[in-house]
Amino acid sequence: MDIVQELLDAGFGRVIVLDAAECGVTEAESLLLALWPYQAEREVSAGEAWIHPYYFASQAAYRAADAIAQRHAADGVLWREDIRLKPIFARLPGFSQGRNTLSCVPEYGSRFHVQMLTLAHGLPATHHLEEVPHALRCGDCHRCEAACPTGALEGGVFHRERCLRNWQVSGQAYPEEVRKRMGVRLIGCDECQRCCPHNPPPAGEEAPLPVSLEEILRTPKAAAVTLRDHIGATITMHNRLLGGACIVAGCTQRRDLIPHLWRHAASPSAAVAEHARWALVQMEVTFLPPTEDSHV
Ligand code: SF4
Ligand code: SF4
């Protein structure tokens with residue numbers, strides 16, 4: 001069994017083998033970090049809802065790693081999601097962290113996703129953790145602070161409660177200041193990576209999958225099922241998706257979507273109803289349905 005080669009053949013760009021005990025993992029001998037790189041689009045699509053390419057990469061990487069772990073389960077290979085990566089990256093040679101909170105490697109910048117596997121029977125380590133965590137890679141650069149649409153990196157500190165990505169996975173009603181800054185970003189946000197000088201220039205031509213805002217608002221459950229195959233289940237819970245789509249509709253002033261928004265303004269989901277009502281108000285629709293009616 002050459003597990004490293006299998007990971008590379010499955011599409012991972014690089015596999016790092018670590019001594020598991022050195023990383024604080026006591027029930028296995030090796031920890032494998034498998035990096036799946038992705039490209040950013042040259043131009044972020046406008047007009048319809050946009051999903052960051054990271055989510056397509058992470059789903060593809062998860063599927064590949066899970067399949068390999070299942071194939072080799074009897075040999076002590078285990079897919080892991082319970083190991084904290086940030087403290088490992090902080091001491092891993094070649095890795096660094098930026099003010100945008102993202103880890104970075106020379107060949108991919110911060111545009112990669114990591115899957116973790118542990119092996120009961122160890123492989124020789126390719127790297128050893130350094131004694132002391134690395135300093136930030138940023139020097140005098142503050143570009144991401146300026147580029148963030150919501151001020152989530154203001155003062156060089158990460159303000160989670162302002163970050164678009166934080167709200168997109170929350171399932172809660174977004175603060176109004178955050179809603180106004182969503183634009184077409186249905187899932188994910190690229191601004192603090194796009195501006196970073198440690199990232200290769202965006203090279204992808206178009207979004208991995210065109211997403212129809214009308215389809216999500218018309219048939220949210222079916223749209224969530226379709227997207228789930230491409231970007232996973234957690235981020236596509238249908239009310240999360242629908243709540244985000246209502247905000248994008250409001251930001252893009254899509255008046256053709258008003259009938260759908262009017263229907264969702266009476267959703268039993270408080271977050272969906274609030275976002276739909278907000279979107280209608282952005283389009284100066286002032287007559288809104290009572291919230292207790294349910295048509296979803
Ligand atoms: S992901 Fe977007 S909102 Fe969040 S910190 Fe980066 S630029 Fe700001
Ligand atoms: S944009 Fe500048 S400040 Fe932000 S993470 Fe990159 S190097 Fe650091």
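Which residue forms a salt bridge with Asp229? Arg63 does, and the closest N and O atoms of the pair are 3.7 Å apart.

## About the model

This is a predicted model, where local features need pLDDT of at least 70, side-chain atom pairs count only at pLDDT 80 or more, and totals for chains, interfaces and linings use all residues. Residues are numbered from 1 along each chain as its sequence is written, and side-chain values use heavy atoms, leaving out hydrogens and water.

## Two domains

The protein chain is split into domain 1 (3-40 + 53-119) and domain 2 (150-188 + 212-282), with bounds that come from an automatic or database domain assignment. Eight residues from domain 1 and twelve residues from domain 2 make the contact (heavy atoms within 4.5 Å). The C-alpha centres of the two domains sit 30 Å apart.

## Where they meet

About 830 Å² is buried between domain 1 and domain 2, with carbon and sulfur atoms giving 62% of that. Buried area here is the accessible area (1.4 Å probe) that two parts lose on being put together, summed over both.

One salt bridge is counted between the domains; the term stands for a side-chain nitrogen of Lys or Arg within 4 Å of a carboxyl oxygen of Asp or Glu.

## A look at Ser267

Ser267 is in the loop between helix 11 (258-264) and helix 12 (270-282); helices (H or I, at least four residues) are DSSP runs, numbered from the N terminus. Ser267 counts as buried because its relative accessibility is 4% (buried means under 20% relative accessible area, with a 1.4 Å probe and protein chains only). A polar atom of its side chain lies 3.0 Å from the backbone nitrogen of Ser269.

Terms used: Chains lettered and ligands numbered in written order. Helix = DSSP H or I, 4+ residues; strand = E, 2+ residues; numbered from the N terminus. Buried < 20%, exposed > 50% of the residue type's maximum accessible area, 1.4 Å probe, protein only. Polar contact = N/O pair within 3.5 Å; in protein donor to acceptor, adjacent residues only side chain to side chain.
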